[in-house]
Amino acid sequence: MLDYIIVGFGLSGLSFSEQLLKNNKSFVVISETDKSSSVVAGGMYNPVILKRFTSPWNAIPQLEYAIPFYQEIENRLNTHINNPLPVLRVFNTIEEQNNWLIASDKPNLAPFLSTIFKKNDNEFILANNDFGVVEKAGRIQVAKLLSAYKLELLKNDSYRNEVFDYDALKIADDFISYKGLKAQHIVFCEGFGLKSNPYFNYLPLNGTKGEVLIIKAESLKLNAIVKSGVFIIPIEEENRYLVGATYHWTDKTWKTTDEAKSELISKLNTVLSCDYEVVGQLAGIRPTVKDRRPLVGRHPEYKNMYVLNGLGTRGVMVAPTVSDQLLDYIEYKTVLDTEIDIQRFADEYIAS
Ligand SMILES: Cc1cc2nc3c(=O)[nH]c(=O)nc-3n(C[C@H](O)[C@H](O)[C@H](O)COP(=O)(O)OP(=O)(O)OC[C@H]3O[C@@H](n4cnc5c(N)ncnc54)[C@H](O)[C@@H]3O)c2cc1C
């Protein structure tokens, strides 16, 4: 008898696996990898919303928990995944500079918004009004993290690379069974795949498609993330950058589009003046929820079935703390924050 089966291995499945490892619980992960928002993600952790200079939900505790969480994995797997990098916000107007300074006085933003503006010393970035610097930001190499972690699970015979077949799941009072596996609990971490899950598809997961480009720009030599109409994020391959991302609310396909490519290129051209070549394009669907909070908790009827989803646009920062809360809820009977508990959609379940 296993303690857990986890379905889905993006940032949510990985984070929950890590909580189980830390608590000496046995588990098997079942996941396909074709439709993963985590693999597409820019991987940024950025504790400031840079449109209006506001603070994302719970950013400070999330970041304080997330960085050591990833560092611990880095150490155990002996691999490098965390790249701390400042974010340089291009100011379009002097008014924006003033708004930045006002925001930098607020307690939840003060640790991150530097009050000293940075001069633009990169001749290929078009920014006449200096940069605002966001500190304590950076990038987790999510695709690399997932493959290194998966390799470890495969070595321990704890990973099955397959699509989960809901018809093969048998639910008893005290355990569940699935194709020869028996476990006390099952946790669904399927990202937008939740839409096909007959047990949890009543939850209001909207999904927001996003696309990014990978560009090669030999002369750019950036060692910070630049934010203008798009983010330009240095990645590990020499002279390559991620440029993104788009937001599309109606297209729910995982295919890249020419429309997104044109949108990203035209935004990029307003901030970049050097030659570059587009060498890649990726598309994914962010697991966004109508009230912008994660979907965490126990199924209304089946007490050994759980969900960990709704990480939205900021899975890197959100996944570690919410996976911790879910584990404590299941194992140590703690109470989930009402903001993330799927209990808030009990009416939707009754109506489904
Ligand atoms: C373009 C883009 C850029 C982004 N940039 C950032 C960023 O910079 N920083 C940030 O924090 N977040 C970013 N995000 C958001 C981030 O990707 C998500 O918050 C997070 O990755 C969601 O993780 P998840 O594990 O819930 O879902 P996913 O990563 O989608 O993982 C779900 C996994 O479950 C598998 N699965 C689903 N159903 C089944 C099934 N029935 N059987 C087997 N396997 C199944 C899927 O194949 C997938 O592998 C971005 C997203 C996009 C699309």
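**Stop one: a hairpin**

Select β14 and β15 and find the hairpin they form: five residues lie between the strands, and N239 takes a positive phi near 65°. Strand numbers here follow the DSSP runs, counted from the N terminus, with strands (E) of at least two residues and helices (H or I) of at least four. Before going on, note that this is a predicted model, where local features need pLDDT of at least 70, side-chain atom pairs count only at pLDDT 80 or more, and totals for chains, interfaces and linings use all residues. Residues are numbered from 1 along each chain as its sequence is written.

Colour residues 231-234, strand β14: four bridges join β14 to β15, and the two run antiparallel. Two strands count as paired if DSSP finds at least two bridges between them. Click on P234, whose bridge partner in β15 is Y241.

β12 pairs with β15 in the antiparallel sense over five bridges, and L213 stands opposite V243 of β15. Is β15 enclosed or open? Four of the five residues of β15 (240-244) are buried, so the strand is largely enclosed by the rest of the structure. Buried means that 20 or more other C-beta atoms lie within 10 Å of a residue's own; 12 or fewer makes it exposed, in between is partly exposed, and C-beta atoms are placed from the backbone.

Most residues other than glycine have a negative phi, and most peptide bonds are trans. Go to the bond from G244 to A245: this one is cis, with omega near 0°. A245 is in the loop between β15 and α6 (258-268).

Next, select N58, which has a positive phi of about 55° without being a glycine. N58 sits in the loop between β3 (44-45) and α3 (59-77), and is partly exposed, with 19 other C-beta atoms within 10 Å. R292 has a positive phi too, near 60°. Look for R292 in the loop between β16 and β17 (295-298); R292 is partly exposed, with 14 other C-beta atoms within 10 Å.

Colour domain 1 (2-40 + 143-203 + 290-351) and domain 2 (83-140 + 207-286); the bounds come from an automatic or database domain assignment. Their centres, taken over C-alpha atoms, are 31 Å apart. Nine residues of domain 1 are in contact with nine residues of domain 2, where contact means C-beta atoms, placed from the backbone, within 7 Å.

The largest nonpolar core has 97 residues, and I5, I6, V187, I225, V243, L308 and V316 have the most contacts inside it. A nonpolar core is a set of buried Ala, Val, Leu, Ile, Met, Phe, Trp, Tyr and Cys residues joined through C-beta atoms within 7 Å. α7 gives the most to this core, with eight residues. Zoom in on I5: leaving aside neighbours within four places in sequence, its contacts include F27, V28, I30 and Y178.

**Last stop: the ligand**

Which residues come nearest to the ligand? Of the 44 around it, they are G8, G10, G191, G193 and G315; a residue counts as near if its C-beta atom, placed from the backbone, lies within 6 Å. Both domain 1 and domain 2 give at least three residues to this shell.

How values were computed:
Contact = placed C-beta atoms within 7 Å.
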